[in-house]
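I opened my notebook and went through this chain one question at a time. Here is what I wrote down.

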Amino acid sequence: RALGRVPWDSRCLVRSCVLVAMLARRGVEGRLVLGVRTEQGFEAHAWVEVAGRPLLDPGPWRDGRLGEY
């Protein structure tokens, strides 16, 4: 219900949160990364990295072109 109120497509956030939890149960430290862009409207994307390598597709967000924070 709460994700229905999120102002962006929450599928990547849900997948990323589930993956981080699954990795943690297996003793793997995953990092949830969020990219946000506020120019020309609000956009956000989430993905997971382990040891600096993305496990879910970061798309163009990872290289900083879209303002990763």
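This is a predicted model: local features need pLDDT of at least 70, side-chain atom pairs count only at pLDDT 80 or more; totals for chains, interfaces and linings use all residues.

**Entry 1: a test of the cut-off**

Val33 has a relative accessible area of 2%, so Val33 is buried. I then looked at the chain as a whole: of its 69 residues, 26% count as buried.

**Entry 2: the overall plan**

I listed the elements and got 1 helix and 3 strands. Reading along the sequence, I wrote the pattern down as α-β-β-β.

Next I placed the helix.

**Entry 3: S1 against S2**

How many bridges join S1 to S2? I noted 7 of them, with S2 spanning residues 43-50 and the two strands running antiparallel. The hairpin of S1 and S2 has 5 residues between the strands, and there Gln40 takes a positive phi near 55°.

I picked His45, in strand S2. Is His45 buried or exposed? Its relative accessibility is 15%, so His45 counts as buried. Opposite His45 in S2 stands Gly35. Leaving out residues up to four places away in sequence, I found that His45 touches Cys12, Val33, Leu34, Gly35, Asp57, Pro58 and Trp61. Two names on that list, Val33 and Pro58, are 25 residues apart along the chain, and their C-alpha atoms are separated by 8.9 Å. For the whole chain, I looked at contacts with a separation of 6 or more: residues 24 or more positions apart account for 34% of them.

**Entry 4: the salt bridges**

Side chains of opposite charge can pair when their charged atoms come close. I went looking for such pairs, and the count came to 2 salt bridges.

Arg31 and Glu49 form one of them, at 3.4 Å from N to O. This pair links distant parts of the chain, since Arg31 is in strand S1 and Glu49 is in strand S2, 18 residues apart. Glu49 has 6% relative accessibility, so Glu49 counts as buried.

Arg37 and Glu43 also meet in a salt bridge, at 2.5 Å from N to O. Glu43 comes out at 32%, so Glu43 counts as partly exposed.

**Entry 5: the outside**

Last, I checked the surface. The chain exposes about 5,000 Å², and carbon and sulfur atoms supply 54% of that. Which residues form a nonpolar patch on the surface? I wrote down Val14, Val18 and Met22, with about 210 Å² of accessible area together. Val18 lies in helix H1. Its relative accessible area is 43%, so Val18 is partly exposed.

Methods:
Residues are numbered from 1 along each chain as its sequence is written. Side-chain values use heavy atoms; hydrogens and water are left out. Two strands pair if DSSP finds at least two bridges between them. Helices (H or I, at least four residues) and strands (E, at least two) are DSSP runs, numbered from the N terminus. Buried means under 20% relative accessible area, exposed over 50%, partly exposed in between (1.4 Å probe, protein chains only). Contact means heavy atoms within 4.5 Å. Accessible areas come from the Shrake-Rupley method with a 1.4 Å probe; for residues, only the protein chains shown count as cover. Patches are made of residues with over 30% relative accessible area and no salt bridge: like charges are joined within 9 Å, nonpolar side chains (Val, Leu, Ile, Met, Phe, Trp, Tyr) within 5 Å. A salt bridge is a side-chain nitrogen of Lys or Arg within 4 Å of a carboxyl oxygen of Asp or Glu.
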